[in-house]
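Reader: I am meeting this structure for the first time. Could you guide me through some of its strands, helices and individual residues?

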Amino acid sequence: MRMRAYAERIFSARGEECSASSRASPATRGLAIIGAAIAFLPLMASAQLDVVITRSTQRAMPIAVVPLEWRVPLMAPVDLARIVEADLERTGQFAPLGRESMITRPAGFADMRLTNWRIMDVEAVVMGHVSGSEDNLAVEIELVDVYAGRSMIVYRLRSSREALRDAAHRIADVVYEQLTGARGIFSTRLAYVQVTPGREQFRLVVADADGRNPIVVLRSAESIMSPAWSPDGSQLAYVSFEAGRAEVFVQDVESGQRRRLSEEAGASSAPAWSPDGELLAVTRSSGGINRDIYIHALNGGPARRLTRHPATDTEPAFSSDGAELYFTSDRGVGPQVYVVPAAGGRARRVSFSGAYNARPRVQPNGNQLAVVNQQDGSFRIGLLDLRDESLRLLTGGPLDESPSFAPNGRALIFGAGTPAGRRLGVYFIDSGVTRLLRAPEGVLREPAWGPHEPD
């Protein structure tokens, strides 16, 4: 089970107090449980992913993350400030000051000499302390606006030693939101498929947003494809070929218990959750040849066929409000993106830039789609603006695939085909920075960015 720190309270600069809490998510009902040997295995650690910078930008806010004062009579298991600093720096929006350049290391606003930080052109300072006991650590951080000369926020949370890395990600989330106005994504998780060449071993892996703490949740000798997170982050839908054909499964991430989506004949692929978590859209073959979009209700009942066309309709994605589905179809000249009402109706084309646009993914609370665009033989990730149908290419290819938005809509993860092999790329939209996540062994592909934890 994943260890988690929990927030005690947040104080804003205005002195308002907000309680932070969590609630259990409802379990999905009505799916037949499968007892195959492949279905359940203990959560197993996988190799950590390394972060490589491939593109950078000069548009970054100078900040300082001061090492937290450790007031506990035991050795600190992790460097909280380093994790917070790395999270913020990875976005390309912040330029942390090196520790060797820090004249002082205050633990709170009262200990600061603002002039020292202004001389070093630092705009914001994160500092704090850790107190308490080994099993009940109290972490307090303070964020200071150097040029305004005021404390922006004091944030307190409690954590065990084992959950301190998670606590650091939560701190980074709070700092990011205060400085950018967008919710942080550092406490979220990733899912991806790792393949070992030669042995053809497929692993479905879940990891923290920075690539650390990877856990194998499914291992198979047959292909695993298209992982998709449920809106509450408790389950993954994916495609497995273990039965000799493509079938969609839904698996509880923590317990490993899983279910086949449907016993109906025909191959199923490309699962996509509705925003309320009650429906799954999939691609299904009809008569073994034609492929269309079907919608399954997770509380049972027969699937509803949404598209009926002799062309191939695949790769569905619900709109943010669940009222429409975007999908890829070759019903025109080459693969393009179409949209259809989720209740049924006439589909219309929405992509027109180039002869190939596929794998649409909807930007959370935005007006853009991430797509795979092919030009001059190179596959790249682009942003399709639904308001004017313009397309902006983000990556350089040559074999980029499977884009997935971060839950705040400000970053994308994708499968990056590079001369060095297949890795995972993370593109931060606000800064234009790209990071690569690579594993010590194996090929990485088909990533999916998990949601924020329920409030």
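Author: The questions and answers below take up helices, sheets and single residues in turn.

Reader: What kind of model is this?

Author: No experiment is described here, and every value is computed from the coordinates of the model. The model itself is predicted.

Reader: How do the axes of helix α1 and helix α3 lie to each other: parallel, perpendicular or oblique?

Author: Helix α1 covers residues 80-90 and helix α3 covers residues 164-180, and their axes come within 8 Å. The axes cross at roughly 45°. Angles under 35 degrees count as roughly parallel and those from 65 to 115 as roughly perpendicular, so α1 is to α3 oblique.

Reader: Which hand does the crossing of α1 and α3 have, and how many nonpolar residues are in the contact?

Author: The crossing of α1 and α3 is right-handed. On the α1 side the contact is made by Leu80, Ile83, Val84, Asp87 and Leu88, while α3 contributes residues including Leu164, Arg165, Ala168 and His169. By class, the contact has two charged residues, one polar residue and, as the number of nonpolar residues, ten.

Reader: Which residue in β17 is the bridge partner of phenylalanine 249?

Author: Strand β16 spans residues 247-252 and pairs with β17 in the antiparallel sense, over three bridges. The bridge partner of phenylalanine 249 in β17 is arginine 260.

Reader: In the open sheet with the order β26-β27-β28-β29, what is the average twist from one strand to the next?

Author: This sheet has four strands with antiparallel pairing. Its edge strands, β26 (357-362) and β29 (391-393), each pair on one side only. From one strand to the next, the twist averages 30°.

Reader: Which residue in β29 is the bridge partner of leucine 384?

Author: Strand β28 (residues 378-385) and β29 run antiparallel and are joined by three bridges. In β29, leucine 384 has as its bridge partner leucine 391.

Reader: Which two residues are joined by a cis peptide bond?

Author: The loop between β29 and β30 holds proline 398. The cis peptide bond has an omega of about 10°, and it joins proline 398 to glycine 397.

Reader: Is strand β30 largely enclosed or left open, and how many of its residues are buried?

Author: Strand β30 comprises residues 401-405 and is largely enclosed by the rest of the structure. The reason is the number of its five residues that are buried, namely five.

Reader: Is serine 402 buried or exposed?

Author: Serine 402 is found in strand β30 and has a positive phi of about 55° although it is not a glycine. Its relative accessibility is 2%. Because the cut-off for this class is under 20%, serine 402 counts as buried.

Reader: Is valine 130 buried or exposed, and what is its relative accessible area?

Author: Valine 130 is found in strand β8 (residues 124-133). Leaving aside neighbours within four places in sequence, valine 130 is in contact with residues including Leu68, Trp70, Val72, Leu80 and Leu137. Valine 130 is buried, with a relative accessible area of 0%.

Reader: How far apart in space are glutamine 201 and serine 220, C-alpha to C-alpha?

Author: Glutamine 201 lies in strand β12 (residues 201-208) and is partly exposed, with a relative accessible area of 23%. Among the residues that glutamine 201 touches are Gln194, Arg219 and Ser220. Glutamine 201 and serine 220 are 19 residues apart in sequence, and their C-alpha separation is 6.1 Å.

How values were computed. Residues are numbered from 1 along each chain as its sequence is written. This is a predicted model: local features need pLDDT of at least 70, side-chain atom pairs count only at pLDDT 80 or more; totals for chains, interfaces and linings use all residues. Side-chain values use heavy atoms; hydrogens and water are left out. Two strands pair if DSSP finds at least two bridges between them. Helices (H or I, at least four residues) and strands (E, at least two) are DSSP runs, numbered from the N terminus. Axes are lines fitted to C-alpha atoms, for helices over the stretch in contact, and angles run from 0 to 180 degrees between N-to-C directions. Angles under 35 degrees count as roughly parallel, over 145 as roughly antiparallel, 65 to 115 as roughly perpendicular and the rest as oblique. A crossing is left-handed if the near helix is turned anticlockwise from the far one by less than a right angle, and right-handed if clockwise. Contact means heavy atoms within 4.5 Å. Ala, Val, Leu, Ile, Met, Phe, Trp, Tyr, Cys and Pro count as nonpolar, Asp, Glu, Lys and Arg as charged, and the others, Gly among them, as polar. Buried means under 20% relative accessible area, exposed over 50%, partly exposed in between (1.4 Å probe, protein chains only).
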